[in-house]
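I opened my notebook and went through the model piece by piece. My notes follow in the order I made them.

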Amino acid sequence: MGLTLAEKIIARAAGRETVCPGEIVICKVDLAMMHDSGGPRRVKPILERLGAKVWDPDKVVVISDHYVPATDAESAAILDLTRKWVVENGVERFYDMQGICHIVLPERGHLRPGLFVVGGDSHSPTGGAFGCFIFGIGATEMAGVLVTGETWIRVPETIRIDWSGSLAPGVCAKDVMLALCARLGMDGGNYQVVQYSGSLISALSMQERMTLCNMAVELGAQTGLIAPDDTTAAYISAAGSGTIDPTEWQGDDDAAYRETLAFDAASLPPQVALPHSPAKAGPIEDLRGERIDLAYIGSCTGAKLADLRMAAQVLKGRQVAKGVRLLVAPASRRETATAASEGTLAALIEAGAVMMPSGCGACAGYGFGVLAEHEVCISSTARNSKGRMGARTARVYLASPYTVAASAVAGAISDPREFFSGAAV
Amino acid sequence: MTQSAGKAWVFGNDIGTDLLAPGLYMKRPMEEIARHCLEDIDPRFATEVERGDVVIAGRNFGMGSSREQAAEALIHLGVSVVLAQSYGGLFYRNALNLGLLVLICPETGKIDAGDRIAVEPERGRVRNLTKNETYPCEPVPAHLMEMVRAGGLVPFLERKLKAGRALAAGIG
């Protein structure tokens, strides 16, 4: 019996020829990533208590994104501690206010196929788009990794999700994920691996693939994974991380999968998830016309350059409706620069968007832009649990950047396909 | 390791980390985060839960974020054990790392709020003293049970490092 890609990576990290789903193995960690919220401020006291040092500072990446820029004394203190800790511990791979960790990590060339990576954030599986096994852990476990350089894993099974065909104009990876959340539920991934494949996936850009792996968490998977190909190799090379051989990290043809699901992209309409769960997603037809107060383009899920471009495609030459706020927090500083130089940013700003710093922002209720009581928001983020983005009576709908932009223009939940067919809005 | 009986607090499916440790309070001390634990679905919980009480839930308890304050808040409030039909994988790891016993119990639907619950993880069973019923629970893997008994990953590592240093000093 052959091995899946995930099994191959885990076996390599465990120093084994092979592994079987269900067995518990100890793996050596190739890379540990943490941010300002769950990182230094939480691991520092544990390392001090243990009297231990970081096992290998060159395998640690720290990225400030949750409390940036500081909004009050508490967040300033958290960032101050983060900045001092990396210096004290010799961690040179520190990206301060450069963007959201899941975007900055591959952008700066830290991800390559075959790596076994832990991240101190639940959306760490975003990096699975690069063919590495990367999953989220909490701060205590991160402290354990920092001391020992290893962690345990119960070898997961792999659920294969094949998508064939191509997406209609105005439909994107976010719609794919919302549809999967509705279909599989928030625990359909069962803490196993979700691996995406098929002709649609092959045709997608790395950033769209990142959206798929990012939201594998919303399916309850331990991680999402996409086998590397020439698109992966081109991204990694452009990020300055050299050449990779995509054929080196592939699952075997006779590997065993927990199940294989197949979907057709061509018939997928834009999706919108009702408050308060991504699993409450459905075709946009059911929700058109629902009034909104805030349209939010942000987070690791929905504010990458590809997402900003989608929003700009809809917003170019149009105006945000009166009474609606459009907030945009680009996923990284580098992407903001690209968006500025190519005109994407201008399209957003001229339409009425208010730009926010690159960071987690309003998504988790940490930063600027949170909601008042009873307000209604449509957001390109991944989660809409009660109270997450502000007041507990606020209602958050989840959708693609296309749909968020279309809704901002209309002042109510709107189908972005109408903006692509030339129909009047 | 039989735990003394505690009173059951019953919740549904998909109770997430945003509910257990609301983002709004994440930069505050644990006392304050804990005060808001689950307030959006049960405002009485954080003020009325007593040391030794038991949290009962359906599927996918603790789904969502990696923030381990979700488990830490329950520990802070004195919750002795969580019984759920399944867990968010991250929460499950976090809880055990912090020394909070979390058991997979397929029959939590039979437990009502206020029932007196005792668990016997080694024997793989949960006893409902109020209803005089017994339910099976899945055993926690041995290496994790050892860690929970030690009080979590940090005391576990502390012991291990101390033993390693003593050994090294002895050899030296």
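I began with A:L294 and looked for its bridge partner in β17(A). The partner is A:C377. I then looked at the strands around that pair. Strand β14 covers residues 294-297 of chain A, and strand β17 covers residues 376-379 of chain A. The two run parallel, joined by 3 bridges.

Next I followed β17(A) to another partner. Strand β18, residues 395-398 of chain A, is joined to β17(A) by 4 bridges. This pair also runs parallel. Which residue of β18(A) stands opposite A:V376? I found A:R395 there.

I noted one general point about strands. In a regular strand, side chains alternate between the two faces of the sheet.

I looked up its scores: ipTM is 0.93 and pTM is 0.96. For chain B, the pLDDT averages 94. In that chain, 97% of the residues score at least 70. I kept a caution for myself: where pLDDT is low, the predicted coordinates should not be read in detail.

**Entry: the five-stranded sheet of chain A**

I traced an open sheet of 5 strands in chain A. The order is β4-β3-β2-β5-β6, and the pairing is parallel. Which strands are at the edges? They are β4 (94-96) and β6 (133-136) of chain A, and each pairs on one side only. From one strand to the next, the twist averages 15 degrees.

I then picked out one pair from chain A. Strand β2 (residues 31-35) and strand β5 (residues 116-119) pair in the parallel sense over 3 bridges. Within that pair, A:M33 has A:G119 of β5(A) as its bridge partner. I also found a helix on this sheet. Helix α5 (residues 139-148) of chain A packs there and touches β2 and β5 of chain A. Its direction makes about 140 degrees with that of β2(A).

**Entry: the seven-stranded sheet of chain B**

I turned to chain B and counted 7 strands in an open sheet. I read the order as β4-β3-β2-β1-β5-β6-β7. Here the pairing is mixed. The edge strands are β4 (101-104) and β7 (133-136) of chain B, each pairing on one side only. The twist averages 30 degrees from one strand to the next.

I checked one pair in chain B as well. Strand β2 (residues 54-57) and strand β3 (residues 81-84) pair in the parallel sense over 4 bridges. In this pair B:V54 stands opposite B:V81.

**Entry: helix α11 of chain A and its neighbours**

I looked at helix α11 (residues 305-315) of chain A against helix α14 (residues 401-410) of chain A. Their axes come within 8 Å and cross at roughly 35 degrees. The crossing is right-handed. From α11(A), the contact includes A:D307, A:M310 and A:V314. From α14(A), it includes A:P401, A:Y402 and A:V409. I sorted the contact residues by class: 10 are nonpolar, none is polar and 1 is charged.

I then took α11(A) with helix α13 (residues 344-351) of chain A. They pack at an angle of about 50 degrees, with their axes 9 Å apart. That angle makes α11(A) oblique to α13(A). This crossing is left-handed. Among the contact residues are A:L308 and A:A312 of α11(A), and A:T344 and A:L348 of α13(A). The classes here are 7 nonpolar, 1 polar and 1 charged.

**Entry: helices α6 and α8 of chain A**

I checked helix α6 (residues 173-184) and helix α8 (residues 206-214) of chain A. Their axes come within 9 Å and cross at roughly 20 degrees. Why do I call them roughly parallel? Angles under 35 degrees count as roughly parallel, so α6(A) is roughly parallel to α8(A). The crossing is right-handed. I listed A:A173, A:K174, A:V176 and A:M177 in α6(A), which meet A:E208, A:T211 and A:L212 in α8(A). By class, the contact has 4 nonpolar, 1 polar and 2 charged residues.

**Entry: where the chains meet**

I finished with the two chains. How many residues of chain B are in contact with chain A? I found 34, and they are in contact with 37 residues of chain A. On the chain B side, α1 (17-20), α5 (89-97) and α7 (153-171) each supply at least two residues. That side divides into 12 nonpolar, 13 polar and 9 charged residues.

Key:
Residues are numbered from 1 along each chain as its sequence is written. Chains are lettered from A and ligands numbered from 1 in the order in which they are written. This is a predicted model: local features need pLDDT of at least 70, side-chain atom pairs count only at pLDDT 80 or more; totals for chains, interfaces and linings use all residues. Axes are lines fitted to C-alpha atoms, for helices over the stretch in contact, and angles run from 0 to 180 degrees between N-to-C directions. A crossing is left-handed if the near helix is turned anticlockwise from the far one by less than a right angle, and right-handed if clockwise. Two residues are in contact if their C-beta atoms, placed from the backbone, lie within 7 Å. Ala, Val, Leu, Ile, Met, Phe, Trp, Tyr, Cys and Pro count as nonpolar, Asp, Glu, Lys and Arg as charged, and the others, Gly among them, as polar. Two strands pair if DSSP finds at least two bridges between them. Angles under 35 degrees count as roughly parallel, over 145 as roughly antiparallel, 65 to 115 as roughly perpendicular and the rest as oblique. pLDDT is the predictor's confidence in each residue, from 0 to 100.
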